[in-house]
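Please open the structure in your viewer and keep the selection tool at hand. We will walk through it one stop after another, and at each stop you will be told what to select and what is there.

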Amino acid sequence: MCGIVGYLGFRRADEVIISSLKRLEYRGYDSWGVAIGNGKLSLVKKVGAIGDVEEYSIGDGTLGVGHTRWATHGKPSESNAHPHTDCKNNIAVVHNGIISNFQMLKEKLIEEGHEFKSETDTEVIPHLIEKYYKNSIEDAVINCIVNLRGSYAFVAMCANERKLVACRYKSPLILGVGDKEFFLASDVTAILEYTSRIVYLQDGDIVILTDDGFKILNDCVEVDRQIELVPWGIKDAKKSGYDHFMIKEIHETPKVVEDTLSEYVSDEIELDVSFAAGISEILIIACGTSYHAGLIGKYVIEGLTGIPVRVEYASEFNYHPLLVGRPLAIAITQSGETADTLEAMKKAKKFGARVVTITNVLGSTATRIADHTLYIRAGPEICVAATKSFIAQLIVLYVLALKLANLPRHEINELILELKLIPERIQRILDAKDEIEKIAKRLAKFENMMYVGRGIGYPIALEGALKMKEISYIHAEGYPAGELKHGPFALLGEKTPVIASVIEDPTYEIMLNNIKEVKARDSIVVAIANEDDKEIDKYVDWVVKVPKTNPMFSPITQSVALQILAYYTAKERGCEIDKPRHLAKSVTVE
Ligand code: M6R
């Protein structure tokens, strides 16, 4: 939540910062601001979407900081927007995270004569820096952070020093290294246009940037951090002719599946699973869509290996973290920065679990907490709604389950072959997306929907409903189809369409019965079913047909279809889609 940027180099800082902030808007977008230093501070702060550089005369300096905000303390307003400054408007700070002891610090600073202009927790930082400032922003920042509790990634500058000082503690921050220029940002996508040479900063790191280079301190000692080359390019962070990042990213899924598969599978599975030796139980911890991937993983791993799998929302696990035996904890997180998931990983470690993370982001915090990392190869995902990364997470879970399974070799080989056909099957869904769009246009007028499934179809329903509610603002619930008659039937009727995930496995017959029960209550039923299923047409109003695959892999094909359904429904309703209201891509506060 919130995106921060810092620049020191030879280009106009306002141009670099605004273009980088626009790529970070998915982290928060209720207000924004930029400060440029050129002997004095030039400051612009605005509510709403980030504007174009030509609209503002921010100043032509080559050093500055910027911020896009997702409100935590204080409503969206110009005064609460970052950068925040000290009493004399000499020091500017942009911050992501929460200063948990800000109230106490603020009261003390006010007693000492500091004047506050905002309701934010962040504002204590520039005032503390001001308090400690003698003639070096570097020294003042070092003294300031001793006072801070909570989590922070912040960048500080002082009008009369050609220097940026940044600190990272429990909130993401990376350093981009260019040729005679340096960038600080909440994540890599912000600065891909300028450099792909990245230093992943660690908790406790303080970075000092000057025209001569950079220095990193940790615990008052200068440390070496490696510069890594990220394999992503600027085209990954652009819409490339699509109306929205969401549909672009859905279209990238076949390639993402191929890339992720080729990471772990050639003729056979090449995944070292020594981290799972002797385990008695698997605990999957995750949030949102990643949690749904975990639920699907449970069906697959338990089905193929017999190892019991528990799936917990990270935010819930953190408050009753019980583990027994020799568990393996798998933390699934696209960003690698979700605060609840990171906390759950630490708790699982304390209980003696080995921790593996499945993540998309190289060098993210999750990779540093985990004992072992399994990367998905999804490329940058900009749309707040997770699509291609969800499918890639499933691919890694399938590969892991197959590797842990004690099946005859020929059966494993058949399943691998089937997995390798998935990209082509997804492509066929994409090629027929107009059919899904027609159904979406009809659904767009409803305000409530019920998604149902049985067995592995149940988490598909949960994820389908999450995607729909998140981007179209239609109230959508996911339910096990068999549970409808235990309460939710009361909600059904002609105003509440039901989206049914129909899988050709042992749940098929009973699912048809459930659909008939729903029809008897006058709800429109849309089935997601195999293309060769002629029977289903008799019982439902509309069918989204997907290519037939082994039922175990149907969460992939069905979920792509449901993502497209949600996309076109939201588009028909004129929703913002890539940046749904009140949401941020990386939830870096608990
Ligand atoms: O980066 P993570 O996978 O840890 O994020 C978890 C959730 O915040 C995320 O999946 C969220 O639910 C998505 N917006 C759903 O589309």
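Predicted model: local features only at pLDDT ≥ 70, side-chain atom pairs only at ≥ 80, totals over all residues.

The tour below moves from the domains to a strand pair, then to salt bridges and a surface patch.

Start by colouring the three ranges that the domain assignment gives, namely domain 1 (3-236), domain 2 (240-420) and domain 3 (423-578). If you then look at domain 1 and domain 3, their centres, taken over C-alpha atoms, are separated by 44 Å.

Next, select residues 448-453 and 475-480, which are the strands β21 and β22; they run parallel and are joined by 6 bridges. Within this pair, you can find Tyr-451 standing opposite Gly-478 of β22.

From here, turn to the charged side chains, for which a search of the whole structure finds 37 salt bridges. Select Lys-571 and Asp-243, whose side chains meet in one of these, at 2.9 Å from N to O. Which parts of the chain does this pair tie together? Lys-571 lies in helix α17 (residues 554-572), whereas Asp-243 lies in the loop between β15 (228-229) and α5 (245-251), so the pair ties together parts that are 328 residues apart in sequence. Lys-571 is partly exposed, with a relative accessible area of 33%, and Asp-243 is also partly exposed, at 46%.

Move on to Asp-371 and Lys-349, whose side chains meet in a salt bridge of 3.5 Å, again taken from N to O. This pair links distant parts of the chain, 22 residues apart, with Asp-371 in the loop between α10 (365-369) and β20 (372-375) and Lys-349 in helix α9.

For a further pair, select Glu-535 and Lys-538, which form a salt bridge whose closest N and O atoms are 2.8 Å apart. Is Lys-538 buried or exposed? With a relative accessibility of 59%, Lys-538 counts as exposed, while Glu-535, at 30%, counts as partly exposed. Then select Arg-12, Asp-14 and Glu-15, which are linked in a network of salt bridges.

Finally, select Leu-322, Val-324 and Phe-351, which form a nonpolar patch on the surface and together have about 300 Å² of accessible area. To place Phe-351, look in the loop between α9 (339-350) and β19 (354-359); with a relative accessible area of 37%, Phe-351 is partly exposed.

Terms used. Residues numbered from 1 in each chain as written. Heavy atoms only, no water. Patch = residues over 30% accessible without salt bridge, like charges linked within 9 Å, V, L, I, M, F, W, Y side chains within 5 Å. Areas by Shrake-Rupley, 256 points an atom, 1.4 Å probe, with all protein chains shown as cover. Salt bridge = Lys/Arg side-chain N within 4 Å of Asp/Glu carboxyl O. Helix = DSSP H or I, 4+ residues; strand = E, 2+ residues; numbered from the N terminus. Buried < 20%, exposed > 50% of the residue type's maximum accessible area, 1.4 Å probe, protein only. Pairing = 2+ DSSP bridges. Domains from an automatic or database assignment.
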